[in-house]
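Q: I am new to this structure. Can you walk me through its features, one at a time?
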Amino acid sequence: MTLEVIGISVLWVFLFGYVIIASVDFGAGFFNAYSTLTGQQHILTKVIQRYLSPVWEVTNVFLVFFFVGIVGFFPKTAYYYGTVLLVPASLAIILLAIRGSYYAFATYGGLTNRKRYTFIYGISGLLIPASLSIVLTISEGSFVKVGSTGPTLNYWILFKSPLTWSIVVLSLTAVLYISSVFLTWYAHQAKDDRATALLRKYALIWAGPTLITASGIIIELKAHNPEHYERLLDLWWLFGLSVILFMGTVYLIWRKQSYGVAFGLLVGQFFLAFFGYGISHYPYLLYPYLTIFDSFTNKSMATALIVAFIAGLGLLIPSLYLLVKLFLFNKEYVQGKRNNHA
Amino acid sequence: MGNEEAVFFSRVLTELTLSFHIIYATIGVGIPLMIMIAQWVGIKKQDEHYILLARRWTRGFVITVAVGVVTGTAIGLQLSLLWPNFMELAGNVIALPLFMETFAFFFEAIFLGIYIYTWDRFKNPKKHLLLLIPVAIGASFSAIFITVVNAFMNAPQGFDIVNGQLVNVNPILAMFNPAMPTKVAHVLATAYMTSAFVLASIGAFRLLKGSNHVYHKKALLLTMKMGLIFSIAAAVIGDFSGKYLAEYQPEKLAAAEWHFETEKGAPLILYGVLDDGEVKYAIKIPFALSILAHSTPNAKVIGLDQFAKDETPPLYIHYLFDVMITIGVWMTLLSFVFLIGSWRKWKLISSKLFRWLIVLGGPLSIIGIEAGWWMAEVGRQPWILRGLMRTKEAATTSGQVDVMLLLFSGLYIILAIGSVVVLTRMFRKNPVERELVDRASEKEGATV
C-alpha cells in the first residue's frame, strides 16, 4: 500500500466515524423536536439527553480531524475545495456553531423547556448534513470550472442537478435511519419500553427510503459520471453484502430482538457502502482535476503525519474506551440511576 | 468583487473570527489549570469551599468551552476557505502541528465530558481530580501546537524553494522555528494570567455586591496569587520576545517602537502620538530599547530605514504595544499590592475602590490579550509567511466574502449575547450560600 492510499484510508475511516456519530446526534435532535410537536416529548427527551450530554463535544472533533487531516495529507485540496466551498462550508459552520452552542446553553444553562428552540435545534440538525453532503456532489465533477483566476463553482448547475438532490435526500434519510436504530438499542438498554417502541417505529419507517435513495444515486451517476458508474458496478459484491446486512438489521428490529446486534449490522452495512463508494471514487478527489497522487504531500510530511496519527490513536483509543465504559455501557448511568453532573 | 476587495474582506473576517475566538480560547486554556489547583487545594486542606469553587468554575467553563469549540471549528475551516493558497503551501510544511492540535483537542474533549459527569461518582475524590489532568494538558497542548503554526508564519523554515518548488521539507525543523519558544511560552503564561484575573474579578464582584462569604475571599486570594505568578512570568517572557524580534524580525520591533533610524543606545518610546512622521508627547527612556533588544545599553538596534517601504508593517501597532505593556504592568502591580496587603492585613485591599479595580482587571487582561495578538499579527504585514508569501497572494478568489462577513458577524453577536446571558443566569439563580446549604443537607441525607 502506498502512503497516498494509507492517507486517504485513514481520513475515510474518520469521515465514516463522523457520519455515524453525527447522524445519531442530528437525528436525535430531530426526533426530540418531532416528539415535542406531537406531544410525546416526555417519552424521548430523557433518553436522548442522557446519551448526548457526555459526548456532544467529541462528535465535533471527528469533523475537525477530517478537514485538518485532508489539508495535511492532500494540501492541494485546500486550493480547490477551499476556493469553491466558501459559501456552502460557511453556512454549515454557522449552523454547527448555533447548534453546538445552543446545546450547551440549554443543557447546562437551563433553557431546556423552550419549545421554539427545540424546534430550531431539530431542523438545523437536518440542514447540516444537507449542506455538508454538497461536497460529495461537487467531487463528482462538472460543477467546478478552473479558469485563469482559479476554480469557480457554478451554483445554478449544482442547484438543478438531480444528483445534488439525490445525495441531499440520502443524507437526510440515512441520518434518521442510523439515529433511530441506535436510539432504539439505547432506549432498550435504559429499560425504557415506551421510548424503545417509538424509536423502533421510526427505524422501520426510515429503513425503506434509505435503501431506495442509495440505489437511486447509482442510477444518477450513470448519467453524470459514467467512469465512476463503471467502477461502482465492478464493486457490486460489496454493495450486495451491504444490502444483506441491511436486511439483517430490519429483520432483527422487526422481530424486536438483539437491538445491539442490529446496530452492529447497520454499522457494517454503512461501512461497506461507504468504502465501496470511496474505493470507486479512486483515484479522484475532485473529478477530473485532482487525484490523490498529484495532490499528495511530500514524503517526509506524510511519514510524520502517520507517526503522529499512530501515537495519537494510542492516546485516543483507551480514552474513548473509558468514555464508552463509563456512560454508554454503564447500566446505572444509562438507566438514569446516577446523576453526578456538575 | 475584485481581488483587492476579496483580500480586504478576508482579512476583516479572519480578524473578527480570531478576535472573538481568543476570548473563549484563552479562558479555555487557563481555567482547567485553575480548576485543577482549586480542587487539589480543596482535597489537601479538606476544605469544602475550594471543592465547590472548582465545581462552580467547571459549570461556567462548559459554556465558554462550547463557544470556544464552535468558533475554533470556524477558524479551522476558514483558514482553507479564505486563504486557500496559503494553506496549500503551509499544508506541505506545517500540517504536523495542526494535526497534533486536533489530537490534543480530542483528548481534552473526551476527558472534559467524563469529568463533568462524574462528580461524586468515585469514593476517592482524588480519582476525580486525576481526570482533570488530561483536560488541563489537552487544553494547554492545543494552545502550544496552534501557536507553533503561528510561529512558523513569523519565522518560516524547514524547507527549501528550488525553482518555485518546495523541496527538502523537514516538519520537525518547521515546528521548532526560532519564534516558537517565546511565542508558546508567552501565550501560555498570558492565558493562565488572564484566566486567573477573570476569576478574581468574579470573586471581587460578588464581595462588592453584598455577599461577604469567606468562600469569595478564599477564591480571591487564590486567583490573585496565580495572577501575580503568571503576570511576572509573562513579563519575563515578554522581554525574551523583544530579544527574539530584534534578532529575527527587526521590522516588527522597529514599527512597534517607532524606531525609524538604526542607532546605538536606542531609547524606548512609551505612549505618544505620531504626527506627520514626528513623535509627539512620548516618554523616552534612554537606552531601554537597546537593553530590551540586546541586554546592553549601547547595542545597535535596526530601524525601519533598513527596510523597503512595502515591507514594513503599519505604524499604529505602537499603540497596541503600549496597551499590552501598560495592562501587563498594571495587573502585576495590582496583584502584588493585594497580596502584600492581605499578608499585612491592610484595610486598603478590602475597600470598595480596590475591589472595583480587581473587577476591572478581568476585562482589562482580555483587552491586553487582544492588543498583544493584534500587534503580533499586524506587525507581520504585509507578509502572511514572513519573507515568502504576501497576504494578498494568499487570499481566496471567491466573490462572496463580504456576505460571509455579515453572516459571521451575526453569529458572533448571537454567541456573545447567548453566553453572557446564560452565564449570568446560571450563577444568579444558584448563589454559593444556597449551594453550600444544599450540599450540606445532601451529605447528611447520605450518612443518615
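Q: How many residues lie between strand 1 and strand 2 of chain A in their hairpin?
A: This is a predicted model, so every value here is computed from it. Two residues lie between strand 1 and strand 2 of chain A, and the two strands form a hairpin. Strand 1 covers residues 144-147 and strand 2 covers residues 150-153.

Q: How do strand 1 and strand 2 of chain A run, and how many bridges join them?
A: Two strands count as paired if at least two bridges are found between them. Here there are four bridges, and the strands run antiparallel.

Q: Which residue in strand 2 is the bridge partner of A:Val144, and which one stands opposite A:Gly147?
A: A:Val144 has A:Leu153 as its partner. A:Gly147 faces A:Gly150. As for side chains, the general idea is that they alternate between the two faces of the sheet in a regular strand.

Q: Now helices. How far does helix 2 of chain B reach from its first C-alpha to its last?
A: In general, an α-helix has 3.6 residues a turn, so residues three or four places apart point the same way. Helix 2 of chain B spans residues 48-82, which is 35 residues. Its reach is 49 Å, close to the 51 Å expected at 1.5 Å a residue.

Q: Is helix 2 of chain B mostly covered or mostly uncovered?
A: A residue is buried when its relative accessible area is under 20%. By that cut-off, 31 of the 35 residues in helix 2 of chain B are buried, so the helix is mostly covered.

Q: Which residue caps the N-terminal end of helix 2 of chain B?
A: B:Asp47 does. One of its side-chain oxygens lies 2.8 Å from the backbone nitrogen of B:His49.

Q: Which residues lie nearest the centre of the largest cavity?
A: They are A:Asp25, A:Trp56, A:Asn60, A:Arg99 and A:Gly100, out of 19 lining residues. Helix 1 (3-37), helix 3 (56-73) and helix 5 (86-109) of chain A each give two or more residues to the lining, and so does helix 2 of chain B. Helix 5 of chain A gives the largest share, six residues. By type, the lining divides into 12 nonpolar, four polar and three charged residues.

Q: Is A:Arg99 buried or exposed?
A: A:Arg99 lies in helix 5 of chain A. A:Arg99 counts as buried because its relative accessibility is 5%, and the cut-off is 20%. The side chain of A:Arg99 reaches the backbone oxygen of A:Asp25 at 3.2 Å.

Q: What separates the C-alpha atoms of A:Ala92 and A:Leu127?
A: The distance is 8.0 Å, although the two residues are 35 residues apart along the chain. A:Ala92 belongs to helix 5 of chain A. A:Ala92 is buried, at 2% relative accessible area.

Q: How far apart in sequence and in space are B:Phe86 and B:Arg390?
A: They are 304 residues apart in sequence and 9.3 Å apart in space, C-alpha to C-alpha. B:Phe86 sits in helix 3 (residues 84-116) of chain B. B:Phe86 is buried, with a relative accessible area of 2%.

Q: Pockets are open, unlike cavities. How much space lies in the second largest pocket?
A: About 1100 Å³. Among its 36 lining residues, B:Val198, B:Ile202, B:Leu423, B:Thr424 and B:Phe427 are the closest to its centre. Elements giving two or more residues to this lining include helix 6 (180-208) and helix 13 (401-429) of chain B. The lining residues divide into 23 nonpolar, nine polar and four charged.

Q: Finally, the backbone. Which residues does a cis peptide bond join?
A: The bond joins B:Gln381 and B:Pro382, with omega about 5°. B:Pro382 is in the loop between helix 11 and strand 9 (383-385) of chain B.

Q: Is B:Trp258 buried or exposed?
A: B:Trp258 is buried, at 3% relative accessible area. B:Trp258 has a positive phi of about 50° although it is not a glycine.

Key. Residues are numbered from 1 along each chain as its sequence is written. Chains are lettered from A and ligands numbered from 1 in the order in which they are written. This is a predicted model: local features need pLDDT of at least 70, side-chain atom pairs count only at pLDDT 80 or more; totals for chains, interfaces and linings use all residues. Side-chain values use heavy atoms; hydrogens and water are left out. The expected span of a helix is 1.5 Å times one less than its number of residues. Buried means under 20% relative accessible area, exposed over 50%, partly exposed in between (1.4 Å probe, protein chains only). A polar contact is a pair of N or O atoms within 3.5 Å; within protein, one must be able to donate a hydrogen and the other to accept it, and residues adjacent in sequence count only if both atoms are side-chain atoms. On a 1 Å grid over the protein atoms alone, a cavity is a set of points where a 1.4 Å probe fits but cannot get out, and a pocket is an open set with protein on both sides within 12 Å along at least five of seven lines; lining residues have an atom within 4 Å of a point. Grid points are joined across faces, edges and corners, and a volume is the space filled by probe spheres set on the points. Ala, Val, Leu, Ile, Met, Phe, Trp, Tyr, Cys and Pro count as nonpolar, Asp, Glu, Lys and Arg as charged, and the others, Gly among them, as polar.
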